[in-house]
Amino acid sequence: MSKFKVNSQFSPSGDQPQAIKKLSTSIKQGNRYQTLVGVTGSGKTYTMAQIIEEVQLPTLIMTHNKTLAAQLYSEFKGFFPKNHVEYFISYYDYYQPEAYIPRTDLFIEKDSSINEELERLRLSATASLLSFDDVICIASVSANYGLGDPSEYKSMVQALEVGTQINQKALLLQLVDMGYKRNDAFFDRGCFRVSGDVVDIFPAYNEEEALRIEFFGDEIESIYYFEVLTNQKLEEKNKVIIYAANQFIVGQNRLKNAIKSIEEELAHRLDFFQKENKIVEYQRLKSRVEFDLEMLEATGACKGVENYARYLTGKKEGETPYSLFDYFEAMGKDYLVIVDESHVSLPQFRGMFAGDRSRKEVLVEYGFRLPSALDNRPLMFDEFINKAPRYLFVSATPNELELNLSNDNIAEQIIRPTGLLDPQVEILDSDNQVETLYDEIKKVIAKDERILVTTLTKKMSEELSRYYSELGLKVKYMHSDIDAIERNQIIRGLRCGDFDVLIGINLLREGLDLPEVSLIAILDADKEGFLRSETSLIQTMGRAARNVNGRVLMFAKKITKSMKSAIEITQSRREKQEEFNKKHGITPATVLRKLDENLRVEDAGELYNKMQKQEKIPASERQKIIKEMTKAMHEAAKSLEFEKAAKLRDEIAKLRKA
């Protein structure tokens, strides 16, 4: 097994050494659940990395949103440069699940836009889990959704070795069975091409490198990687293993059995609708499923193939579906699951099943899907919480669930190595809160620092943004309709100083590293409820704990129980940190996290304007432009700016065809 080795210029300090020792010992002793209670800015991510190095276990790190997942992926890639750090989140830029509204007789067709780079990263994750034993995978809730059978996926591989005999035609047919497509004109991921005795294969999970297989008759003469754009020869290989192009690929025998089972269920369901005299549902289901069966027989796939997952994976009715957990289990080793921001992540995991189930039950009832489609589902919470052999919950404010499960296997990380204190909290009268806050914002802007403002309603956030903009402030509003990529750009814009004030409802609480923010304003703090609970208040206040000038303004008419508790906890932590600082002679200072310059790539439109009229560009100049755009595309993808990467990819395709 390749050893997990943390790469960092720092060493554990503050509360980190005792937390690492206690939790690592607990995991090694075989305890299933443990919890790390760590305040904002105490280095929880670094502690997680050190625990992985200490226990030497493949690790799945799960969190509740893509923004935080992207941040964790970037940090762990830095911590473990010599290990396999993978990224597994939803591969949709846009996703509208199919649904039916009986009241208005409205059927909403499934509509989605798949991000090819995210799909590649997902395939890279599953391929790495079946190939290596030093894998750390950062995942969102997607890890809880159904995937194909890992054993079937593992069986759909093609091993190639120099000197072995294999018929070229047989290899090409195997590649088709594995989900690859022949395309001699436009060579892209998931494709292969043939030129005489040479077969080029672009694995679906590779970023830039493709494989070239050179034959002499039926014997493999050489195997090497090459750069797709320049055709430059790279590393020679004696043996390679190629994995399938997607996780739902199955062998011919499994596919034939699946088709037979689908036909049997269809006949049974049609008989039911006929007896109930539901003619519309009968015709609707018959036409849809028969078309899907034709596509499965002809191509091995169909639109919405995941709805037949029960048969394609060989699972029984109601049985736990395969998920990313099973790919870890396929390694045949113990593994660790870290749930980051567990106080939010676990409740979200709990609610996934019910929402998915209610939508699909309507589709089944009205003949849009077979009852077996209900088994294409996320894990139920009981399945999730009992699936892995080891769990580590990480949060500044864990719920009773995590604490009860962990018993005494709980470590606190209150002291910040940087010496930064929890923010000072002031309570101001909520009368004229908007005007009072405006004056405070002007003071903070004068020091070139940033402000977060939380409100209770979307309408108030919108109106407050508009009002402050009219007063000349540079302000933006973050709302629930903004996707993960745009959200990353807004957060980066705040840090860069493109604007000074970010206003939202509850999007600003967990896991955001914003050291430039020195003021948090909580409007209507005395309105008890989810957004003003003790947990929410502590998390919101924590956003100002990365700045030496951190302050929190609570606007209220009275002090609620949640406010009182949150203030007391914050003050207690502040006193502990002050005592530690005095003892060790530490002077608190804001530690700025470097902004990644690669996050800014040249816009696709600007690059495209360089081309002017494509047909007039000399071939040599066109290749230079393609190379420049390809480099920018890869930089955008590595920085998780997938929309820009997709635009660049489309422009490259246009230029190649010109």
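Predicted model: local features only at pLDDT ≥ 70, side-chain atom pairs only at ≥ 80, totals over all residues.

**Entry 1: Thr126.** I began with Thr126, which I found in helix α4, spanning residues 116–131. Is Thr126 buried or exposed? Its relative accessibility is 0%, and because buried means under 20%, I noted Thr126 as buried. Setting aside the neighbours within four places in sequence, I listed its contacts as Phe88, Tyr153, Gln247, Leu324 and Tyr327.

**Entry 2: the parallel sheet.** I then turned to the open sheet of 7 strands, whose order I read as β3-β8-β2-β17-β18-β1-β19, with parallel pairing. Which strands stand at the edges? They are β3 (84–88) and β19 (410–413), and each has a single partner strand, so one side of each is left without a neighbour in the sheet. From one strand to the next I noted a twist that averages 15°.

Helix α3 (residues 66–79) lies across β2, β3, β8 and β17, and I noted that it runs at about 170° to β3. Helix α4 packs on the sheet as well, where it touches β3 and β8, and its direction makes about 130° with that of β3.

**Entry 3: strand β2.** Within this sheet I looked at β2 (residues 59–62), where Thr59 and Ile61 point one way while Leu60 and Met62 point the other way, and I recorded all of these as buried. On one pairing, β2 and β8 (residues 135–139) are parallel over 4 bridges, with Thr59 opposite Ile136 and Leu60 opposite Cys137. On the other pairing, 4 bridges join β2 to β17 (residues 336–340), again in the parallel sense, and there Ile61 stands opposite Ile338.

**Entry 4: Phe328.** I went on to Phe328 in helix α10 (residues 324–329), and because its relative accessibility is 0%, I counted Phe328 as buried. Apart from residues up to four places away in sequence, Phe328 touches Pro58, Thr59, Leu60, Leu129, Val135, Cys137, Lys333 and Tyr335.

**Entry 5: the mixed sheet.** Another open sheet has 6 strands in the order β10-β11-β12-β13-β14-β15, and I recorded its pairing as mixed. Its edge strands are β10 (181–182) and β15 (233–237), each of which pairs on one side only. Strand β14 (residues 219–227) runs antiparallel to β15 and is joined to it by 3 bridges, and I found Tyr224 bridged to Glu236 in β15. Helix α6 (residues 168–177) lies across β10, β11, β12 and β13, running at about 160° to β11.

**Entry 6: helices α1 and α2.** Last, I looked at how α1 (residues 16–28) packs with α2 (residues 44–55), and noted an angle of about 40° with the axes 9 Å apart, which makes α1 oblique to α2. I recorded the crossing as right-handed. The residues in this contact divide into 7 nonpolar, 4 polar and 2 charged; among them are Ile20, Leu23 and Ile27 from α1, and Tyr46, Ile51 and Val55 from α2.

Conventions. Residues numbered from 1 in each chain as written. Heavy atoms only, no water. Helix = DSSP H or I, 4+ residues; strand = E, 2+ residues; numbered from the N terminus. Buried < 20%, exposed > 50% of the residue type's maximum accessible area, 1.4 Å probe, protein only. Contact = heavy atoms within 4.5 Å. Pairing = 2+ DSSP bridges. Axes fitted to C-alpha atoms, helices over the stretch in contact; angles between N-to-C directions. Parallel < 35°, antiparallel > 145°, perpendicular 65-115°, else oblique. Left-handed = near helix turned anticlockwise from the far one by under 90°. Nonpolar A, V, L, I, M, F, W, Y, C, P; charged D, E, K, R; others polar.
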